[in-house]
Amino acid sequence: MRHLPLFAFLAFLTAVACRTTTTTTTTSTGGTSTAAIDDSDCNLSTPLQPGVPGSPGNLVKSPRNPNGDSELALMMRLFVDDLQKARALAEAGEPIEKMYPRHKRMRCAWPTKPEERNAGFDGRAQGYLAAVRAFDDAPGKTTYNAIVANCIACHNVSCGGVLEFIGSMQWK
Ligand code: HEC
């Protein structure tokens with residue numbers, strides 16, 4: 001299947017975003033060394049700015065979600081869009097803009113529940129970002145699916161409500 005069926009995405013959009021269901025933890029794949037990566041501008045100890053769009057009390061309201069979305073939730077939707085575009089370009093053998101410079105902001109974005117930004121989350125985010133860099137360096141099915149595996153690995157721990165949708169993103 002070349003593209004995700006539109007209906008699946010629309011169904012997802014109208015579904016509840018992030019019910020918390022905790023299942024077993026899987027090991028993330030695609031991780032490479034983070035040693036040489038300069039993450040000083042955005043890491044677990046970077047203070048989050050109160051009052052920015054998507055921060056507590058400043059959720060971004062939309063027709064889709066009148067309750068408002070957090071900065072991290074909006075970023076997750078950017079991930080979905082980016083991955084769909086990247087996969088289409090990879091299949092067509094066309095150049096792809098690197099995703100890491102945008103996605104790395106996940107480590108310093110406000111989640112709906114601020115306490116979810118903790119060491120466990122950050123470690124899983126780093127595993128995910130290593131997979132994103134591997135795809136950026138060598139776009140293809142294997143590196144793409146390693147990204148999706150890391151989405152799933154984190155969502156197995158937090159935000160299980162969208163696992164089925166993420167599973168549908170795998171490049172078969
Ligand atoms: C390191 C953990 C982590 C990784 C990796 C991760 N997510 Fe998430 N995701 C979360 C958390 C936590 C939330 C809840 C955000 C909130 O409510 O503030 C979330 C929310 C979401 C949502 C719901 C957004 C909404 O509308 O509320 C979607 C969809 C999603 N993630 C998809 C993905 C996809 C696709 C990937 C991989 C490309 C991914 N996630 C990678 C932790 C992660």
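Two residues are taken to be in contact if their C-beta atoms, placed from the backbone, lie within 7 Å. This is a predicted model, in which local features need pLDDT of at least 70 and side-chain atom pairs count only at pLDDT 80 or more, while totals for chains, interfaces and linings use all residues. Residues are numbered from 1 along each chain as its sequence is written.

**View 1. The protein chain holds 6 helices and 0 strands.** Helices (H or I, at least four residues) and strands (E, at least two) are DSSP runs numbered from the N terminus, and the elements follow the order α-α-α-α-α-α. Of the contacts in the protein chain with a separation of 6 or more, 70% join residues 24 or more positions apart. Buried residues (20 or more other C-beta atoms within 10 Å of their own C-beta atom, placed from the backbone) make up 29% of the 172 residues in the protein chain.

**View 2. Helix α4 (residues 119–137) packs with helix α5 (residues 141–155) at an angle of about 170°, their axes being 8 Å apart.** That makes α4 roughly antiparallel to α5, a term for angles over 145 degrees, where axes are lines fitted to C-alpha atoms over the stretch in contact and angles run from 0 to 180 degrees between N-to-C directions. On the α4 side the contact includes R124, Y128 and F135, which are among the residues that meet a set in α5 including T143, I147 and C154. The residues of this contact divide into 11 nonpolar, 3 polar and 1 charged, with Ala, Val, Leu, Ile, Met, Phe, Trp, Tyr, Cys and Pro counted as nonpolar, Asp, Glu, Lys and Arg as charged, and the others, Gly among them, as polar.

**View 3. The buried residues of α5 include Y144, V148, N150 and H155.** What covers the buried residues of this helix includes α2 (71–92), α4 and α6 (163–167).

**View 4. The largest nonpolar core has 27 residues.** Such a core is a set of buried Ala, Val, Leu, Ile, Met, Phe, Trp, Tyr and Cys residues joined through C-beta atoms within 7 Å, and here Y128, A131, V132 and I147 have the most contacts inside it. The elements that give two or more residues to this core are α2, α4 and α5, and α4 gives the most, with 8 residues.

**View 5. W110 lies in the loop between α3 (100–103) and α4.** W110 counts as buried because it has 24 C-beta neighbours inside 10 Å. Leaving aside residues up to four places away in sequence, W110 touches L48, G54, S55, P56, S70, E71 and L72. W110 and P50 stand 60 residues apart in sequence and 9.1 Å apart in space, C-alpha to C-alpha.

Definitions and conventions
Parallel < 35°, antiparallel > 145°, perpendicular 65-115°, else oblique. Buried ≥ 20, exposed ≤ 12 C-beta atoms within 10 Å, placed from the backbone.
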